[in-house]
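Hi,

Here is the structure I promised to pass on to you. Have a look at it first, and then read on for what turned up in it.

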Amino acid sequence: METLEFIIYPDGRVVETVTGISGTSCAEVTAAIEDQLGCVVSQQPTSEYYASQKVEEGQFLLQSMPSQW
């Protein structure tokens, strides 16, 4: 399940947490919201961000190997 969680602090800071979205597509999902909220000060990719990239690289390597059959 895709989830966006926002914590809004009294000083105006907003912490956004995205779960259930693999790879870089989370940036596409949150871009419009972040534009409306203001300046993004920092980002910390989650393990889901990297998990998708490793799978895609693995699939590419498997597909590019010559067939031994």
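By class, 12 nonpolar, eight polar and three charged residues make up the lining of the largest pocket. Please keep in mind that this is a predicted model. The lining comes to 23 residues in total, and those nearest the centre of the pocket are E16, E34, V40, S42 and Q43. Two elements each give two or more residues to this lining, namely strand β2 (14–19) and helix α1 (25–37). As for volume, the largest pocket holds about 830 Å³ of space.

Now to the chain as a whole. The protein chain has two helices and two strands, and read from the N terminus these elements follow the order β-β-α-α. Of its 69 residues, 10% count as buried. The accessible surface of the chain is about 6000 Å², and carbon and sulfur atoms account for 56% of that.

T30 sits in helix α1, and its relative accessible area is 4%. T30 counts as buried because that value is under the 20% cut-off. Which residues does T30 touch, leaving aside those up to four places away in sequence? They are L4, E16 and V18. Of these, E16 has come up already, as one of the residues nearest the centre of the largest pocket.

Last, the charged side chains. A search of the whole structure turns up one salt bridge. In it, the side chain of D11 meets that of R13, with 2.9 Å from N to O. Are these two partners buried or exposed? D11 has a relative accessibility of 55%, so it counts as exposed, the cut-off being over 50%. R13 has a relative accessible area of 46% and is therefore partly exposed, since this value falls between the 20% and 50% limits.

Happy browsing, and best wishes

How values were computed
Residues are numbered from 1 along each chain as its sequence is written. This is a predicted model: local features need pLDDT of at least 70, side-chain atom pairs count only at pLDDT 80 or more; totals for chains, interfaces and linings use all residues. Side-chain values use heavy atoms; hydrogens and water are left out. Helices (H or I, at least four residues) and strands (E, at least two) are DSSP runs, numbered from the N terminus. Buried means under 20% relative accessible area, exposed over 50%, partly exposed in between (1.4 Å probe, protein chains only). Accessible areas come from the Shrake-Rupley method with a 1.4 Å probe; for residues, only the protein chains shown count as cover. On a 1 Å grid over the protein atoms alone, a cavity is a set of points where a 1.4 Å probe fits but cannot get out, and a pocket is an open set with protein on both sides within 12 Å along at least five of seven lines; lining residues have an atom within 4 Å of a point. Grid points are joined across faces, edges and corners, and a volume is the space filled by probe spheres set on the points. Ala, Val, Leu, Ile, Met, Phe, Trp, Tyr, Cys and Pro count as nonpolar, Asp, Glu, Lys and Arg as charged, and the others, Gly among them, as polar. A salt bridge is a side-chain nitrogen of Lys or Arg within 4 Å of a carboxyl oxygen of Asp or Glu. Contact means heavy atoms within 4.5 Å.
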